[in-house]
Amino acid sequence: MQSVDRAVSILQVLARRGSVGVTEIAGELGMHKSTAFRLLATLEARGLVEQNAERGRYQLGYGVVQLAAGATKSAGLALLGLPICRELAETVGETVNVAVHDGRWVVSVDQVIGAAAVTTVNWVGQRSPMHATSAGKVFLAHMSPDQLDAAIAEDLERYTPHTVVDQDVLRHQLAIVRERGFASTSEEHEMGLAAIAAPVCSIDGGVVAAVTVSGPTFRVNEDTMPGLAKHVIAAAGEISQRNGHPKRG
């Protein structure tokens, strides 16, 4: 633990001071020069620090940028889509969420409550199963065959009597999701709750998030879903464009 703590301290020194020599780092942190050199060598091997043109002086490496990008990606999408999600929630009156993929789960990173919403549940930060949620089905539908096989390899958990746990049935649903451009669920994760989701894409066309509209089944149902889906698809498309994805047509 001491080595980890010292390595973090070195990164903090480099973040504050820029290019710094081993002797300076050791002196500022009160450690032996050999210890500082050993930790720097490890950090350099992992791409977190690098030596500049002047040998013996170190600066933060590109690996730190990659870590920072991973940490801010979800927050960036949430910030990027916030005004669009607010407009969507105002239009449909239901709860709007932006969700990202996390292993076998989806995690909401932003939420806007519509005027007609009857729930006050805050889904931000909560994990939900992919196979039982509209956002999750968006991600599953756009996975490669190998990724999909791995994602549903284990027995699928049943949350309600309506949860789809048959892999063949789920695969058929995912084909429909790809065809029509959105996913929907009704009482598959929670009784009385239905949802619609559409994909948010990156510049290369990969699905990086999903926009969802959820509400009670007496308002979000077979009769209202087609109209709601148009709004959700439009909102997801606008966020995709702001995220660098080219508009078709």
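**Second largest pocket**

I started with the second largest pocket, which holds about 190 Å³ of space. I'm working from a predicted model here, so noted.

Next I listed the lining: Lys137, Gln173, Ile176, Val177, Arg180, Ala183, Ser184, Thr185, Ser186, Glu188, Glu222 and Met225. Which elements give two or more residues to that lining? I found H7 and strand S7 (183–186). Sorted by class, the lining of this pocket comes out at 4 nonpolar, 4 polar and 4 charged residues.

For two packed helices, the things to look up are the angle between the axes and the distance between the axes.

I took helix H5 (residues 134–141) and helix H7 (residues 167–180): their axes come within 9 Å and cross at roughly 85 degrees. Angles of 65 to 115 degrees count as roughly perpendicular, so H5 is roughly perpendicular to H7. On the H5 side I see Lys137, Val138, Leu140 and Ala141 making the contact, and on the H7 side Leu170, Gln173, Leu174, Val177 and Arg178.

**H1 against H3**

Which residues of H1 and H3 meet? From H1 I have Ser3, Arg6, Ala7, Ile10 and Leu11, and from H3 Thr35, Ala36, Arg38, Leu39, Leu40 and Leu43. By class, I get 7 nonpolar, 2 polar and 2 charged residues for this contact.

**Ser202**

I looked at one loop residue too. Ser202 sits in the loop between strand S8 (193–201) and strand S9 (207–216). Is Ser202 buried or exposed? The relative accessibility is 14%, and the cut-off for buried is under 20%, so Ser202 counts as buried. Leaving out residues up to four places away in sequence, I find Ser202 touching Val208, Asn243 and His245.

**Whole protein**

Last, the overall tally. I have 8 helices and 9 strands for the protein, and 42% of its 249 residues count as buried. Among contacts between residues at least 6 apart in sequence, 56% join residues at least 24 apart.

Notes. Residues are numbered from 1 along each chain as its sequence is written. This is a predicted model: local features need pLDDT of at least 70, side-chain atom pairs count only at pLDDT 80 or more; totals for chains, interfaces and linings use all residues. Side-chain values use heavy atoms; hydrogens and water are left out. Axes are lines fitted to C-alpha atoms, for helices over the stretch in contact, and angles run from 0 to 180 degrees between N-to-C directions. Helices (H or I, at least four residues) and strands (E, at least two) are DSSP runs, numbered from the N terminus. Angles under 35 degrees count as roughly parallel, over 145 as roughly antiparallel, 65 to 115 as roughly perpendicular and the rest as oblique. Contact means heavy atoms within 4.5 Å. On a 1 Å grid over the protein atoms alone, a cavity is a set of points where a 1.4 Å probe fits but cannot get out, and a pocket is an open set with protein on both sides within 12 Å along at least five of seven lines; lining residues have an atom within 4 Å of a point. Grid points are joined across faces, edges and corners, and a volume is the space filled by probe spheres set on the points. Ala, Val, Leu, Ile, Met, Phe, Trp, Tyr, Cys and Pro count as nonpolar, Asp, Glu, Lys and Arg as charged, and the others, Gly among them, as polar. Buried means under 20% relative accessible area, exposed over 50%, partly exposed in between (1.4 Å probe, protein chains only).
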